[in-house]
Amino acid sequence: MKAIQISHNQEYNVSIFHIACAPQAGEELLKIQYVGFCGSDINTFMGRNSMALNPVIPGHEIGAVIEAVGDGVPD
């Protein structure tokens with residue numbers, strides 16, 4: 001899966017990278033269709049979100065479909 005990551009050193013830094021994904025027991029793998037960036041994501045990018053641990057992958061408002069299901073996930 002492709003992801004955007006925000007990190008802060010001396011400057012704002014955004015990078016794009018790939019993450020290998022496979023659902024573990026009790027998990028589902030979601031295929032993201034849409035993602036919304038909200039005020040908390042902007043504040044994280046600007047370095048004003050004290051609750052964000054860097055580096056961070058922004059975007060918690062998503063629309064997705066279930067791609068795969070791990071063992072033990074109920075129907």
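Student: By class, how many nonpolar, polar and charged residues are in the lining of the largest pocket?

Tutor: Nonpolar here covers Ala, Val, Leu, Ile, Met, Phe, Trp, Tyr, Cys and Pro; charged covers Asp, Glu, Lys and Arg; the others, Gly among them, are polar. A pocket is an open set of points on a 1 Å grid over the protein atoms alone, where a 1.4 Å probe fits, with protein on both sides within 12 Å along at least five of seven lines; lining residues have an atom within 4 Å of a point. The lining splits into 14 nonpolar, 1 polar and 3 charged residues.

Tutor: Some ground rules. This is a predicted model, in which local features need pLDDT of at least 70 and side-chain atom pairs count only at pLDDT 80 or more, while totals for chains, interfaces and linings use all residues. Residues are numbered from 1 along each chain as its sequence is written, and side-chain values use heavy atoms, with hydrogens and water left out.

Student: Which element gives the largest share of the lining of the largest pocket?

Tutor: The largest pocket has a volume of about 520 Å³, taken as the space filled by probe spheres set on grid points joined across faces, edges and corners. Strand S1 (2-8), S3 and S4 each give two or more residues to its lining; strands are DSSP runs (E, at least two residues), numbered from the N terminus. With 5 residues, the largest share comes from S3.

Student: What is the accessible area of the nonpolar patch on the surface?

Tutor: Areas come from the Shrake-Rupley method with a 1.4 Å probe, and only the protein chains shown count as cover. Strands S2 (12-18), S3 (28-36) and S4 (61-69) each supply at least two residues. Together the patch residues, including Ile4, Phe37 and Ile66, have about 870 Å².

Student: Is Ile66 buried or exposed?

Tutor: Ile66 sits in strand S4. Buried means under 20% relative accessible area, exposed over 50%, and partly exposed in between (1.4 Å probe, protein chains only). Ile66 has 51% relative accessibility, so the label is exposed.

Student: What is the C-alpha separation of Leu29 and Ser7?

Tutor: Leu29 belongs to strand S3 and is partly exposed at 22%. Leu29 and Ser7 are 22 residues apart along the chain, and their C-alpha atoms are separated by 25 Å.

Technical notes. Patches are made of residues with over 30% relative accessible area and no salt bridge: like charges are joined within 9 Å, nonpolar side chains (Val, Leu, Ile, Met, Phe, Trp, Tyr) within 5 Å. A salt bridge is a side-chain nitrogen of Lys or Arg within 4 Å of a carboxyl oxygen of Asp or Glu. Helices (H or I, at least four residues) and strands (E, at least two) are DSSP runs, numbered from the N terminus.
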